[in-house]
Amino acid sequence: MTDKYAVIGNPIAHSKSPLIHRMFAEQTGQDIGYEALLAPLDGFSATVERLRKDGYKGCNVTVPFKFDAFKIATQLTERAQAAQAVNTLKFDGNIILGGNTDGAGMVRDIEHNFRFPLRGRQVLLIGAGGAAYGVALPILQAGAQLALMNRTREKADQFAIYLGKLGHIVAVYDFLNEPGRKQFDLIINATSSGLSDEMPPLPATVFAPGALAYDMMYGRETPFMKFAREQGAAMAADGIGVTDGIGVADGLGMLVEQAAEAFYLWRGVRPDTAPVMARLREVA
Ligand code: ATR
């Protein structure tokens, strides 16, 4: 019998998850069904209950329900606990296991697809919302030095205190009020600023030669990505970092890799992500 899965969100119509999981299933010979479900804003837990009653084996969870999913889970993985958010639920009898595969997916994309090992790197994580919380611990666990920055400084400070309680020392940067020439190897935009065609205030000097600029959004070139490309071009024109300018990444790789982690959590099988990513770039 086909095992049923779904992704729940609001909105959900443009989700690429059904396509990704169907490609994973075909490639690995797993017999699963996967659909996109729109839940009413106040109807997340009722939707999950219906799925469990109907024999579904699990679901992915996207905006705006990741915190609802965190609350509904009866067991949490360490990463879901640290992120205070859940993007993958696995149903097993009375147990609702909550996992968060976003951070692991991003680390895999950066280290494996971009061949950019994180150990010892200086990383600037911009944003202090759910997206940033979701990836901080896996980045630290990969051995990077983490610094935070956020438009609302207090939220960055709270985030730093939270990570401190988990045993990690992180710095908070505020380039507007404390200009300096601090450079980073990896700059991650985990803000939603791209949605409004804006970007966080960053000095051009923030990119170390050979840096990677990573935007968690996909489907468009954000002002942050454009800015990074321009700085890379400027570096090349100056003769600085010509051989190792600035790499620019969108969030499509993270999307596919987090899906692969979820697929593994459910099925115990690791799909090959490269052909799926190539296909998504073709249809995008
Ligand atoms: P998510 O769960 O996607 O992270 P969120 O919790 O609403 O969404 O957080 C959005 C993040 O994007 C916040 O860090 C927000 O900064 P504030 O804490 O100051 O609100 C950041 N953000 C949104 N629009 C931004 C913009 N135009 N410039 C800079 N930061 C922005």
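Predicted model: local features only at pLDDT ≥ 70, side-chain atom pairs only at ≥ 80, totals over all residues.
A polar contact here is a pair of N or O atoms within 3.5 Å.

**Stop 1: the ligand.** Select the ligand and bring up A131. A backbone N or O atom of A131 sits 3.0 Å from a ligand oxygen atom, inside the 3.5 Å limit. Next, show the side chain of R151: one of its polar atoms is 2.9 Å from an oxygen atom of the ligand. Then click on E198, where a side-chain N or O atom lies 2.6 Å from a nitrogen atom of the ligand. How much of the ligand does the protein bury? The ligand on its own exposes 650 Å², and the protein buries 72% of that.

**Stop 2: the shell.** Now widen the selection to the 13 residues around the ligand; N150, R151, T152, K155 and E198 come nearest. Colour the shell by class and you'll get eight polar, three charged and two nonpolar residues.

**Stop 3: the two domains.** Zoom out and colour by domain. Domain 1 takes in 3–100 plus 255–283, while domain 2 runs over 103–249, going by the domain assignment. Their centres, taken over C-alpha atoms, are 26 Å apart. To see where they meet, pick out the 13 residues of domain 1 that are in contact with 14 residues of domain 2.

**Stop 4: E261.** Finish by selecting helix α9, residues 252–267, and find E261 in it. Is E261 buried or exposed? Its relative accessible area is 17%, so E261 counts as buried, the cut-off being under 20%. Leaving out neighbours within four places in sequence, show its contacts: T101, A104, G105 and R270.

Conventions: Residues numbered from 1 in each chain as written. Heavy atoms only, no water. Near = heavy atom within 4 Å. Polar contact = N/O pair within 3.5 Å; in protein donor to acceptor, adjacent residues only side chain to side chain. Areas by Shrake-Rupley, 256 points an atom, 1.4 Å probe, with all protein chains shown as cover. Nonpolar A, V, L, I, M, F, W, Y, C, P; charged D, E, K, R; others polar. Helix = DSSP H or I, 4+ residues; strand = E, 2+ residues; numbered from the N terminus. Buried < 20%, exposed > 50% of the residue type's maximum accessible area, 1.4 Å probe, protein only. Contact = heavy atoms within 4.5 Å. Domains from an automatic or database assignment.
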